[in-house]
Amino acid sequence: MEQILSRQEASEAVQDYGWRFLLGTLRTSVRVRSLAQAVSLAADTVAVCGDDADLHLRVDVRPDRVVFTLQSLDRAAVTTRDVELARQISATADRSGLPAEPEIGTGAPRSVQLLEIAIDALNIAGIRPFWKAVLGYADEAGAEGPEDPLIDPVGQGPAIWFQQMDRARPQRNRIHFDICVPHDEAPRRIETALAAGGRLVSATRAPAFWVLADLEGNEACVTTWQGRDG
């Protein structure tokens, strides 16, 4: 029976297979020599995972490496099945002469990693709908509360979580998000963000970008390719 593993259990279970536990997922990287080799390895891996591939596996294919991520998506957690799939994927890579590894101490640009972004807030429930709308994000499985994190539903962008503040900051935020969308998506994205409690700060540079803000003044720009020539 498939069981959810603790962080320590998940980490220890895959350590010897060249995987690492990161933020509720298992992740490894396999260096390749070409995009064709990367695609071939990815196809072999999907075949090994069989029917479980769609519910557990995410693959990032590049000309120099393939990054594999495993998580039981319906539970947003690592399970015993993910560990078994990690073992099978590592064995498949080994048979191709391409070891799976977390790229620690190998001279790689960096190890495997995941990025999260934290937004400080006094009223998390008040600003969360804005960020969900403006980013096009979604609730994580089993975490749909008014203060829970948000994830990219297609698994490309970093997760967003909210940190409770005990007092307001008097200065303007020194960082903001730019969300580049198709030019014909921008109006809908802005409309949904405003309906979710956001406000329009500036449209003077539209359609290159619109500046929006949540209820507490944290800013995001919806950007397009338009209005940037000449």
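Which strand gives the largest share of the lining of the second largest pocket? I will come to that after the overall picture.

What we have is a predicted model, where local features need pLDDT of at least 70, side-chain atom pairs count only at pLDDT 80 or more, and totals for chains, interfaces and linings use all residues. Residues are numbered from 1 along each chain as its sequence is written, and side-chain values use heavy atoms, with hydrogens and water left out.

The secondary structure comes to 6 helices and 13 strands. Helices (H or I, at least four residues) and strands (E, at least two) are DSSP runs, numbered from the N terminus. The C-alpha trace spans about 55 × 45 × 35 Å along its principal axes. Of the 230 residues, 39% count as buried. Buried means under 20% relative accessible area, exposed means over 50%, and partly exposed is in between, with a 1.4 Å probe and protein chains only.

Now the pockets. Rolling a probe the size of a water molecule over the atoms shows where empty space is left. On a 1 Å grid over the protein atoms alone, a pocket is an open set of points where a 1.4 Å probe fits, with protein on both sides within 12 Å along at least five of seven lines; lining residues have an atom within 4 Å of a point. Grid points are joined across faces, edges and corners, and a volume is the space filled by probe spheres set on the points.

The largest pocket has a volume of about 1,300 Å³. It is lined by 40 residues, and the closest to its centre are Arg27, Thr69, Leu114, Gly155 and Gly157. Strands S2 (25-31), S3 (57-61), S4 (65-70) and S7 (138-139) each supply at least two residues of that lining, and S4 gives the most, with 4 residues. By class, the lining has 18 nonpolar, 11 polar and 11 charged residues. Here Ala, Val, Leu, Ile, Met, Phe, Trp, Tyr, Cys and Pro count as nonpolar, Asp, Glu, Lys and Arg as charged, and the others, Gly among them, as polar.

The second largest pocket has a volume of about 520 Å³. Of its 20 lining residues, the closest to the centre are Asp120, Arg169, Asn173, Ile175 and Asn218. As for my opening question, the strand is S6 (residues 116-121), which gives 4 residues to this lining. The lining divides into 9 nonpolar, 5 polar and 6 charged residues.

Next, two helices. The expected span of a helix is 1.5 Å times one less than its number of residues. For helix H2 (residues 35-49), with 15 residues, that gives 21 Å, and the end C-alpha atoms are 21 Å apart, which agrees. In H2, Gln37, Ala38, Leu41, Ala42, Thr45 and Cys49 are buried. Seen down the axis of H2, these buried residues fall within an arc of 135 degrees, so they line one face of the helix. The arc is that of the directions from the helix axis to the C-beta atoms. An α-helix has 3.6 residues a turn, so residues three or four places apart point the same way. The face of H2 turned away from the buried side carries the exposed residues Ala36 and Ala47.

Helix H4 (residues 80-95) has 16 residues and should span 22 Å; its end C-alpha atoms are 23 Å apart, which agrees. Among its buried residues are Asp82, Leu85 and Ile89. H4 is followed by Gly97, whose phi is positive, near 75 degrees.

What about the aromatic rings? The whole structure has 2 aromatic pairs. Rings of Phe, Tyr and Trp (its six-membered ring) pair if their centres lie within 6.5 Å; planes under 30 degrees apart count as stacked, over 60 as edge-to-face and the rest as tilted. Phe130 and Trp131 are edge-to-face, at 5.1 Å centre to centre and 85 degrees between the planes, and both are buried. Trp131 and Phe177 have ring centres 5.1 Å apart and planes at 65 degrees, so this pair is edge-to-face. Trp131 lies in helix H5 (residues 124-135) and Phe177 in strand S10 (residues 177-180), so the pair ties together parts that are 46 residues apart in sequence.

Last, the backbone. Most residues other than glycine have a negative phi, and most peptide bonds are trans. Ala76, in the loop between S4 and H4, has a positive phi near 55 degrees. Glu103 has a positive phi of about 60 degrees and is buried, with a relative accessible area of 5%. The peptide bond from Ala206 to Pro207 is cis, with omega near 5 degrees.
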